[in-house]
Amino acid sequence: GESGGRADVRRLTCTDSWGKGVTFATMDPSETFQINVSRYSTSTLEKADHEHELKADPFIHACIDHKMMGLGGDDSWSPSVLDKYLVHPGQFSFELGI
């Protein structure tokens, strides 16, 4: 799921109650990424009709995107995305350290 996603991330560390965990970081400090971290898989979220039906996994699920286009709808009559938030067609790459 996309709930709780964070944008413009350069580094993120996720740890458990014992301080053990994982760090995600861009290798180029000028690059950023979008990430969503959850205790539930996308499949688990899709199958549940109610929150009480969710059973957390013993590990995290991380969904990482390099580029993500912004939402449209700055007003009620035009669904367009502002140009600065568009991801134009092209080849993209970035390095992520885990």
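## Contacts and overall layout

A contact here means heavy atoms within 4.5 Å. With that in hand, let's look at this predicted model. Among contacts in the protein with a separation of 6 or more, 50% are between residues 24 or more positions apart.

The protein has one helix and six strands. Reading from the N terminus, the order of the elements is β-β-β-β-α-β-β.

## Surface and burial

The protein has 98 residues, and 16% of them count as buried.

Met-69 sits in the loop between strand 5 (61–65) and strand 6 (96–97). Its relative accessible area is 47%, so Met-69 counts as partly exposed. Patches take in residues with over 30% relative accessible area, and Met-69 clears that cut-off at 47%.

## The cysteines

Cys-14 has a relative accessible area of 16%; because buried means under 20%, Cys-14 is buried. Cys-63, in turn, has 33% relative accessibility, a value between the 20% and 50% cut-offs, and is therefore partly exposed.

How many disulfides does the structure hold? The count is zero. A disulfide would need a pair of cysteine sulfur atoms within 2.5 Å.

How values were computed. Residues are numbered from 1 along each chain as its sequence is written. This is a predicted model: local features need pLDDT of at least 70, side-chain atom pairs count only at pLDDT 80 or more; totals for chains, interfaces and linings use all residues. Side-chain values use heavy atoms; hydrogens and water are left out. Buried means under 20% relative accessible area, exposed over 50%, partly exposed in between (1.4 Å probe, protein chains only). Helices (H or I, at least four residues) and strands (E, at least two) are DSSP runs, numbered from the N terminus.
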